[in-house]
Amino acid sequence: MTDIVFIEDLAIETVIGIYDWERKIRQKVVFNIQMAGDIKKAAETDTIDHTLDYKAVSKRIISFVEQSEFHLVETMAERAAEIIQKEFSVSWLRIKLSKPGAVTGSKAVGVIIERSY
């Protein structure tokens, strides 16, 4: 049985894009992250030490993204996945990374990646 810990609609301002004008401004990106974890021990003990701390993951991704200057959302999503898997010992995750307003007429565009090890 796999439990899922998730972070929904985490909005972060960053430099992202391939066009010259995009390199001069900060734009919003939105993360939706699902991570495999076993929450049984946390539920039994009622302590944060036994679960995947979504606040810690969120703070780490915010810090990383705010400082980044990627051209592609694909690269940003891949690097965020690597950080979460390595630093938080997450064996499986799914990241949906959206760039709102990037295409006229659409709410958002982006990528969904799934990684496991």
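These are legends for several close-up views of the structure.

Residues are numbered from 1 along each chain as its sequence is written. The model is predicted, so to speak of local features a pLDDT of at least 70 is needed, side-chain atom pairs count only at pLDDT 80 or more, and totals for chains, interfaces and linings use all residues, while side-chain values rest on heavy atoms, with hydrogens and water left out.**View 1. The whole chain, as a starting point.** The protein has three helices and five strands (DSSP runs numbered from the N terminus, with H or I runs of at least four residues for helices and E runs of at least two for strands). Reading from the N terminus, the order is β-β-α-α-β-α-β-β. The C-alpha trace spans about 50 × 25 × 25 Å along its principal axes. Of the 117 residues, 38% are buried (buried is under 20% relative accessible area, exposed is over 50%, and partly exposed is in between, with a 1.4 Å probe and protein chains only). Among contacts with a separation of 6 or more, 58% join residues 24 or more positions apart (a contact being heavy atoms within 4.5 Å).

**View 1**

**View 2. The largest nonpolar core.** This core holds 28 residues (a nonpolar core is a set of buried Ala, Val, Leu, Ile, Met, Phe, Trp, Tyr and Cys residues joined through side-chain atoms within 4.5 Å). Phe31, Met35, Ile61, Ile84, Ile95 and Leu97 have the most contacts inside the core. Two or more residues each come from E1, E2, helix H2 (54–67), helix H3 (73–88), strand E4 (92–100) and strand E5 (108–116). H3 is the top contributor, with seven residues. In soluble globular proteins, nonpolar side chains tend to be buried together.

**View 3. Ile95 and its neighbours.** Setting aside residues up to four places away in sequence, Ile95 touches Phe31, Asn32, Ile33, Ala77, Ala80, Ala81, Ile84, Val111, Ile112 and Ile113. Phe31 and Ile84 also turn up among the core residues with the most contacts.

**View 4. Val57 on helix H2.** Val57 belongs to helix H2 and counts as buried because its relative accessible area is 0%. Beyond its neighbours within four places in sequence, Val57 is in contact with Ile7, Met35, Leu52, Ile84 and Phe88. Ile112 is 55 residues away from Val57 in sequence, with 18 Å from C-alpha to C-alpha.

**View 5. Glu22 in a loop.** Glu22 sits in the loop between strand E1 (3–16) and strand E2 (27–37). Not counting residues up to four places away in sequence, Glu22 touches Val15, Ile16, Gly17, Gln27 and Lys99.

View 6. Ser68 is found in the loop between H2 and strand E3 (69–70). With a relative accessible area of 7%, Ser68 is buried. A polar atom of the Ser68 side chain lies 2.9 Å from the backbone oxygen of Val65. Thr14, Val15 and Met76 touch Ser68, leaving out residues up to four places away in sequence.

View 7. Most residues other than glycine have a negative phi. Asp9, in strand E1, has a positive phi of about 55°. Ser89, in the loop between H3 and E4, has phi near 50°, also positive. Asp9 is exposed because its relative accessible area is 52%, and Ser89 is exposed at 60%.

**View 8. Ala43 on helix H1.** Ala43 lies in helix H1 (residues 40–45) and counts as exposed because its relative accessibility is 60%.

Key. Polar contact = N/O pair within 3.5 Å; in protein donor to acceptor, adjacent residues only side chain to side chain.
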